[in-house]
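I opened my notebook on this structure today and wrote down what I looked up, entry by entry. Have a look alongside me.

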Amino acid sequence: MRFNKLDLNLLVALDAMLSTCSISRAAERQHLSQSAMSNALARLREYFDDDLLVQVGRRMELTPRAEVLKEAVRDVLMRVDTTITAQPEFDPMRSEREFRIFVSDYSLSTLMPHLMVLAHEQARRVRFHLMPQVEQPQRALEQGEADLLVIPKEFCSPDHPTDTVFLDDFVCAVCNQGRFRDRELTLDSYLAAGHVIMQPPAGGQSLESDFMRRHGVERRVEVSTFSFMTAPHLVVGTDRIATLHRRLALQASRHLPIRLLAPPLPIPPMVQVMQWHKHRSKDPGLLWLRQTLLAAAVRMDLGPGI
């Protein structure tokens with residue numbers, strides 16, 4: 001099929017090359033040979049009268065024209081995919097659909113178990129692929145790699161809709177046999193102590209670390225971990241402090257010898273939201289998932305513990 005003399009099949013190859021900046025990785029993604037992808041690039045170069053991808057040292061970079069085309073081509077393909085694959089209705093009792101959700105290990109531990117219970121009650125054949133957060137999660141939406149993001153509001157893209165799932169504040173976890181076993185935290189004692197922090201594996205900073213940076217607060221970091229869930233474990237038997245989300249800290253306090261204290265700084269609460277692609281707002285399956293996720297957040301706080 002052609003439009004204005006362009007073979008529309010080439011748009012899929014173009015999208016793969018522009019997103020990977022690699023002929024070989026694009027070929028692998030599209031299950032084509034490298035020579036077939038190279039041939040597609042040659043035809044695209046001829047049509048657009050532009051190199052699109054150029055060799056710079058050992059890697060390939062996009063030309064200015066390709067940078068302009070990148071988001072436009074992705075948007076067109078997402079619109080087509082949404083229109084073709086969208087079902088007029090969604091029956092959770094019959095569907096075998098797989099939902100791809102990007103979540104942190106914090107949400108994986110606190111919220112997702114409740115979603116699994118509700119989904120099991122309503123949709124026993126529906127499947128879930130829970131994937132770790134990445135540095136720029138909005139790209140996963142735009143490239144069709146994720147159906148839903150569950151992330152703090154600060155990390156959302158302004159280009160796609162969101163809905164608030166819940167709020168959570170921060171507490172300080174300390175060992176209940178350590179230095180802070182019988183006293184409250186002051187700002188001086190907080191700054192003098194050693195700290196356990198979560199450092200996102202994809203780069204960037206956690207919300208509380210970003211708050212500290214913006215307010216010029218320098219903590220003495222003695223341990224950094226890639227997991228929210230491990231942070232309270234790493235203060236046990238020490239005088240260190242882990243500043244983390246209250247729900248996760250309360251969960252950990254059920255089986256760890258830790259004490260939870262109020263931070264000596266006014267850290268704003270985290271607003272946890274879900275975000276989906278703007279072209280999929282009316283997807284019946286995603287509507288069901290979003291509603292079930294909101295119900296799971298209510299169950300998390302009011303229902304039986306997991």
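**Entry 1**

I started with Arg247 and Asp168, whose side chains meet in a salt bridge with N to O at 3.5 Å. I was working from a predicted model. Arg247 sits in helix α10 (residues 246–253) and Asp168 in strand β8 (residues 162–168), so this pair ties together parts that are 79 residues apart in sequence. Buried or exposed, I wondered, are Arg247 and Asp168? I found Arg247 buried, and Asp168 is buried as well.

Then I looked at Arg246 and Asp169, which form a salt bridge at 2.8 Å, N to O. This pair also links distant parts of the chain, with Arg246 in helix α10 and Asp169 in the loop between β8 and β9 (170–175), 77 residues apart. Arg246 is partly exposed, at a relative accessible area of 34%. Asp169 counts as partly exposed too, at 31% relative accessibility.

**Entry 2: Asp283 and its partners**

How many salt bridges does a search of the whole structure find? I noted 16. One of them joins Asp283 to Arg97, with the closest N and O atoms 2.9 Å apart. Asp283 lies in the loop between β14 (270–275) and α11, while Arg97 lies in the loop between α4 (64–85) and β5 (98–103), so the pair ties together parts that are 186 residues apart in sequence. I put Asp283 down as buried, because its relative accessible area is 10% and the cut-off is under 20%. Arg97 is partly exposed at 23%.

A reminder to myself: side chains of opposite charge can pair when their charged atoms come close.

**Entry 3: the nonpolar cores**

Next I turned to the inside of the protein. The largest nonpolar core has 55 residues, and those touching the most other members are Leu111, Phe166, Ile241, Trp288, Leu289 and Leu293. Which helix gives this core its largest share? I found that helix α11 (residues 284–302) does, with seven residues. Another core, of 23 residues, lies apart from it, and its members include Leu14, Ala40, Leu41 and Leu44.

I then listed the contacts of Trp288, leaving out neighbours within four places in sequence. Trp288 is in contact with Phe90, Pro92, Phe99, Ala119, Gln122, Ala123, Val126 and Phe128.

**Entry 4: helices α1 and α3**

I checked how helix α1 (residues 9–20) packs on helix α3 (residues 34–48), and got an angle of about 100 degrees with the axes 10 Å apart. That makes α1 roughly perpendicular to α3. On the α1 side I wrote down Leu10, Ala13, Leu14 and Met17, which meet Met37, Ala40, Leu41, Arg43, Leu44 and Phe48 in α3. The residues of this contact divide into nine nonpolar, no polar and one charged.

**Entry 5: two glutamines**

Gln272 is in strand β14. At 1% relative accessibility, Gln272 counts as buried. Setting aside residues up to four places away in sequence, I found Gln272 touching Tyr106, Ser107, Val150, Ile151, Pro152, Thr164, Val165 and Phe166.

Gln291 is in helix α11. Gln291 is exposed, with a relative accessible area of 54%. I also noted that Gln291 and Val165 are 126 residues apart in sequence, and 9.9 Å apart in space from C-alpha to C-alpha.

**Entry 6: positive phi angles**

Most residues other than glycine have a negative phi, and I was curious about exceptions. Cys21 has a positive phi of about 50 degrees, though it is not a glycine. Cys21 lies in the loop between α1 and α2 (23–29), and at 25% relative accessibility Cys21 counts as partly exposed.

Leu52 has a positive phi of about 65 degrees, again without being a glycine. Leu52 lies in the loop between α3 and β3 (53–56), and counts as buried at 0% relative accessibility.

**Entry 7: the whole protein**

I ended with the overall picture. The protein has eleven helices and 14 strands. Its C-alpha trace spans about 75 × 50 × 30 Å along the principal axes. Of the 306 residues, 46% are buried. Among contacts between residues at least 6 apart in sequence, 76% join residues at least 24 apart.

Key
Residues are numbered from 1 along each chain as its sequence is written. This is a predicted model: local features need pLDDT of at least 70, side-chain atom pairs count only at pLDDT 80 or more; totals for chains, interfaces and linings use all residues. Side-chain values use heavy atoms; hydrogens and water are left out. A nonpolar core is a set of buried Ala, Val, Leu, Ile, Met, Phe, Trp, Tyr and Cys residues joined through side-chain atoms within 4.5 Å. Buried means under 20% relative accessible area, exposed over 50%, partly exposed in between (1.4 Å probe, protein chains only). Helices (H or I, at least four residues) and strands (E, at least two) are DSSP runs, numbered from the N terminus. Contact means heavy atoms within 4.5 Å. Axes are lines fitted to C-alpha atoms, for helices over the stretch in contact, and angles run from 0 to 180 degrees between N-to-C directions. Angles under 35 degrees count as roughly parallel, over 145 as roughly antiparallel, 65 to 115 as roughly perpendicular and the rest as oblique. Ala, Val, Leu, Ile, Met, Phe, Trp, Tyr, Cys and Pro count as nonpolar, Asp, Glu, Lys and Arg as charged, and the others, Gly among them, as polar. A salt bridge is a side-chain nitrogen of Lys or Arg within 4 Å of a carboxyl oxygen of Asp or Glu.
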